[in-house]
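Work through the exercises below with the sequence and the structure in view. Each task is followed by a solution in steps.

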Amino acid sequence: MSSGLKNVVVVGGSYVGMPRFAVLPKYEHKAFIPYTTTFASSPHASQHAVIQARVSQLHKDHVVLDREWSNQGGSGSREIPFDYLVVATGTRLQPPGTMVHDDKPASVGYFQQYQTRVRDARSIAIVGGGAVGVQMAADLKELYPDKEVTVVHSRAQLMPLYHEALDGIIKERFADLGVKLVTGSRVVLPPGGFQDQDQEKGGPTTIKLQNGTELTADLVIPAVGQTPNNQFLSSLPASSSLVNPANGFIRVRPTLQFRDPQYPHLFAVGDIADSGAHKAARPGAAQAQVVAQNVLAMVEGREPSENIVVDPPAIHLTLGLTKNVIFKNPDTANGETEPKIIRKDE
């Protein structure tokens with residue numbers, strides 16, 4: 001590598017949409033996108049690498065990995081130096097929303113085992129009325145119309161980030177499918193969560209709510225509690241100031257550089273960034289373009305000047321295997337009062 005080249009490290013390579021594979025059989029092998037040919041068509045392919053590892057420590061000019069890697073057949077190392085770094089680590093859910101294994105064969109096996117649990121359960125409760133819980137409930141009831149499927153949500157409105165019209169659309173669809181709703185009280189999570197409890201022998205799992213009511217289900221699917229993947233930041237000086245203590249997301253400027261002036265060469269993008277944008281694929285893709293332009297500017301000796309645009313929250317929400325809706329909150333800053341709604345059946 002010549003002295004004029006700059007090393008850019010991107011930490012994170014995940015995507016959204018995996019929970020459907022936990023309930024829909026015969027497609028689980030398609031849940032994994034290979035990155036082995038990411039740079040194959042590049043005329044400078046030898047200057048790039050995709051590394052399967054976790055960053056255990058982040059320092060100002062290098063990262064430390066949880067395993068050794070070798071570049072072009074060289075000796076193994078746990079460290080990668082960088083000039084610029086982009087954190088794209090997102091958040092993690094409780095399984096089955098997040099994989100428990102690192103390799104494809106084991107993960108395919110996990111999905112298949114979970115599908116068996118879904119098939120054998122007569123009643124299923126989904127804890128959480130966000131996008132993951134709503135979409136899984138609709139899929140389940142369409143695939144298994146004879147099962148009892150219940151969504152338990154702490155608020156009266158489902159997906160409260162969005163205009164109340166989306167709540168009405170979801171509840172109308174749930175009524176058509178026969179999905180039951182229990183709303184208005186938070187679930188009392190047992191120690192260790194529900195992952196082990198609903199696998200124990202001896203009958204259904206009891207779900208207790210803070211208002212004192214209880215319900216039972218053969219299988220409980222947790223769809224709450226996104227946890228930011230920020231643990232490797234603790235190795236940086238003044239790491240506590242890098243994240244918003246209210247949510248764990250990395251504080252950023254409109255350029256998506258870390259807000260802390262000590263680290264102008266560090267960027268955060270997507271769900272892990274405390275950008276003010278909602279957590280979804282479309283804003284994440286737009287932010288990636290901003291980061292790319294700003295890193296390029298710095299490589300060329302210019303000040304980063306591209307800023308993100310925070311649009312009203314929008315989502316393409318599936319409500320079963322074919323029915324779906326594109327929903328966008330009204331842009332009140334520009335005088336809009338009603339959401340944009342496009343219903344689809346495809």
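**Exercise 1.** Describe the salt bridge between Glu172 and Arg343, and say where each partner lies.

Solution. Note that the model is a predicted one.
- Step 1: The side chains of Glu172 and Arg343 form a salt bridge, with an N to O distance of 3.9 Å. A salt bridge requires the nitrogen to be within 4 Å of the carboxyl oxygen, so 3.9 Å qualifies.
- Step 2: Glu172 belongs to helix H3 and Arg343 to strand E19 (residues 340-345), so the bridge ties together parts that are 171 residues apart in sequence.
- Step 3: Glu172 is partly exposed, at a relative accessible area of 43%, while Arg343 has 56% and counts as exposed. The cut-off for exposed is over 50%.

**Exercise 2.** Strand E19 also holds Asp345. Find the salt-bridge partner of Asp345 and its place in the chain.

Solution. 
- Step 1: The partner is Lys323, and the closest N and O atoms are 3.1 Å apart.
- Step 2: Lys323 sits in strand E18 (residues 323-328) and Asp345 in strand E19, 22 residues apart, and the pair links distant parts of the chain.
- Step 3: Lys323 is partly exposed, with a relative accessible area of 34%; Asp345 is exposed, with 52%.

**Exercise 3.** Classify Arg173 and Glu142, which form a salt bridge, as buried, partly exposed or exposed.

Solution. 
- Step 1: In this salt bridge the closest N and O atoms are 3.2 Å apart.
- Step 2: Arg173 is in helix H3 (residues 164-177) and Glu142 in helix H2 (residues 131-143), 31 residues apart.
- Step 3: Buried means under 20% relative accessible area. Arg173 has 12%, so Arg173 is buried.
- Step 4: Glu142 has 29% and is therefore partly exposed.
- Step 5: Arg54, Asp66, Arg67 and Asp102 are joined in a network of them.

**Exercise 4.** Which residues touch the most other members of the largest nonpolar core, and which elements give two or more residues to this core?

Solution. 
- Step 1: The core has 37 residues, and the ones that touch the most other members are Leu140, Leu166, Ile170 and Leu317.
- Step 2: Helices H1 (104-120), H2 and H3 each give two or more residues, as do strands E7 (123-127), E8 (148-153), E12 (219-222), E17 (314-318) and E18.
- Step 3: Take Ile170 as an example. Setting aside neighbours within four places in sequence, Ile170 is in contact with Val134, Leu158, Met159, Leu317 and Leu319.
- Step 4: Another core, of 34 residues, lies apart from the largest one; Val63, Leu65, Leu85 and Val291 are among its members.

**Exercise 5.** Compare the span of helix H1 with the expected value, then state what its buried residues pack against.

Solution. 
- Step 1: H1 has 17 residues and reaches 24 Å from its first C-alpha to its last, close to the 24 Å expected at 1.5 Å a residue.
- Step 2: The buried residues of H1 include Val108, Phe111, Tyr114 and Val118.
- Step 3: The buried residues of H1 pack against E7, H2 and E12.

**Exercise 6.** Which residues make the nonpolar surface patch of about 340 Å²?

Solution. 
- Step 1: The patch is made by Ile33, Tyr35, Phe39 and Val50.
- Step 2: Tyr35 is placed in the loop between strand E1 (8-11) and strand E2 (55-58).
- Step 3: Tyr35 has a relative accessible area of 33% and is partly exposed.

Note on methods: Residues are numbered from 1 along each chain as its sequence is written. This is a predicted model: local features need pLDDT of at least 70, side-chain atom pairs count only at pLDDT 80 or more; totals for chains, interfaces and linings use all residues. Side-chain values use heavy atoms; hydrogens and water are left out. Patches are made of residues with over 30% relative accessible area and no salt bridge: like charges are joined within 9 Å, nonpolar side chains (Val, Leu, Ile, Met, Phe, Trp, Tyr) within 5 Å. Accessible areas come from the Shrake-Rupley method with a 1.4 Å probe; for residues, only the protein chains shown count as cover. Helices (H or I, at least four residues) and strands (E, at least two) are DSSP runs, numbered from the N terminus. Buried means under 20% relative accessible area, exposed over 50%, partly exposed in between (1.4 Å probe, protein chains only). A nonpolar core is a set of buried Ala, Val, Leu, Ile, Met, Phe, Trp, Tyr and Cys residues joined through side-chain atoms within 4.5 Å. Contact means heavy atoms within 4.5 Å. The expected span of a helix is 1.5 Å times one less than its number of residues.
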